[in-house]
Amino acid sequence: MVVLPYTVAFLLLSCLQTVKIANSQSFISINYGQVADNLPPPPSTAKLLQSTSIQKVRLYGSDPAIIKALANTRIGIVIGTANGDIPGLASDPNFAKSWINTNVLPFYPASNIILITVGNEVMTSNDQNLMNKLLPAMQNVQNALDDASLGGKIKVSTVHSMGVLKQSEPPSSGSFDPSYGDLMKGLLEFNSANGSPFAINTYPYFAYRSDTRPETLAFCLFQPNAGRMDGNTKIKYMNMFDAQVDAVYSALSSMGFKNVEIVVAETGWPFKGDDNDVGPSIENAKAYNGNLIAHLRSMVGTPLMPGKSVDTFGPGSERSSGSQVRTKFTCISLVFRVFNSQVFYS
């Protein structure tokens, strides 16, 4: 996360205004980042959200002030546990019950909590202990919900990075990294058994960063381009976002879990980077976010999931740090509700 400057606040408000105009689009939702120096108080934000067509809000934690402010708005709320909570949640069922008692029961159902994400990008954290404890933590949170008679009403999942895929090109050959083996299979079995989503963060920018040709930028920004052919399916992809989502769909299908819902928890484009970075700019961020929303509103879906309606969370803000680049993102997070090759409005 990153402190938001005025320009990012402007982009946020601009997109919210666009959402208000497009009030027939029930899939528009938003991420609610909290690390900033210019955020309005939660009650004001709740009123702003109610004035738009936003249907869902994703929190990166479980701030009680925000959850309470969203009471009686009918807005669906996604809350999350920290990675640091996972060992306690995994080893102590009473800790999981306490977490639910503190972060869910005082607010539900007035505050419409719909999903709990246990940790973020744990599988690509290189922390084997945390990876091993992720599924038990999710199971204990699920059991705590069941004990509170909320099983099925509130789902439990986790959020992955695209790094869980071993291969993503072409999209039809998408597959999970076999090094995750039984751990990934266990997570997918949990998703399938409990009807919870497989959530993933997708950033086409990182694909562009490794291939900075103009045609790649156009492909990533949903701008006119020659497209890229999947030699296996003979499908021509016209944007990187669809290609990444279909790669995830192919990976799920190859594991026998094609009916598990796909949630694109975050996506976006950097508005600022290091001096030697190519691609980060306010113009490109606006182009990506705006063209993505237009793509979703068209309801054309992806080539492997055509004609699907899409719930959309966005925009928010995230900071991505690496050895070569530190970028500031305006992000849009998306929810694809996929079941038996169908996507439904929530």
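**Exercises on a predicted model**

Just after helix α10, Gly 256 has a positive phi of about 85°. The model is predicted: local features need pLDDT of at least 70, side-chain atom pairs count only at pLDDT 80 or more, and totals for chains, interfaces and linings use all residues. Residues are numbered from 1 along each chain as its sequence is written, and side-chain values use heavy atoms, with hydrogens and water left out.

**Exercise 1.** Work out what span helix α10 (residues 240-254) should have, and compare it with the model.

Solution. Helices (H or I, at least four residues) are DSSP runs, numbered from the N terminus. The expected span is 1.5 Å times one less than the number of residues. For the 15 residues of α10 this gives 21 Å, and the end C-alpha atoms are 21 Å apart, so the two agree.

**Exercise 2.** Describe the start of α10 and its cover.

Solution. At the start, a side-chain oxygen of Asn 239 comes within 3.2 Å of the backbone nitrogen of Phe 241. Buried means under 20% relative accessible area (1.4 Å probe, protein chains only). By that cut-off, 13 of the 15 residues of α10 are buried.

Methods
Helices (H or I, at least four residues) and strands (E, at least two) are DSSP runs, numbered from the N terminus. Buried means under 20% relative accessible area, exposed over 50%, partly exposed in between (1.4 Å probe, protein chains only). A polar contact is a pair of N or O atoms within 3.5 Å; within protein, one must be able to donate a hydrogen and the other to accept it, and residues adjacent in sequence count only if both atoms are side-chain atoms.
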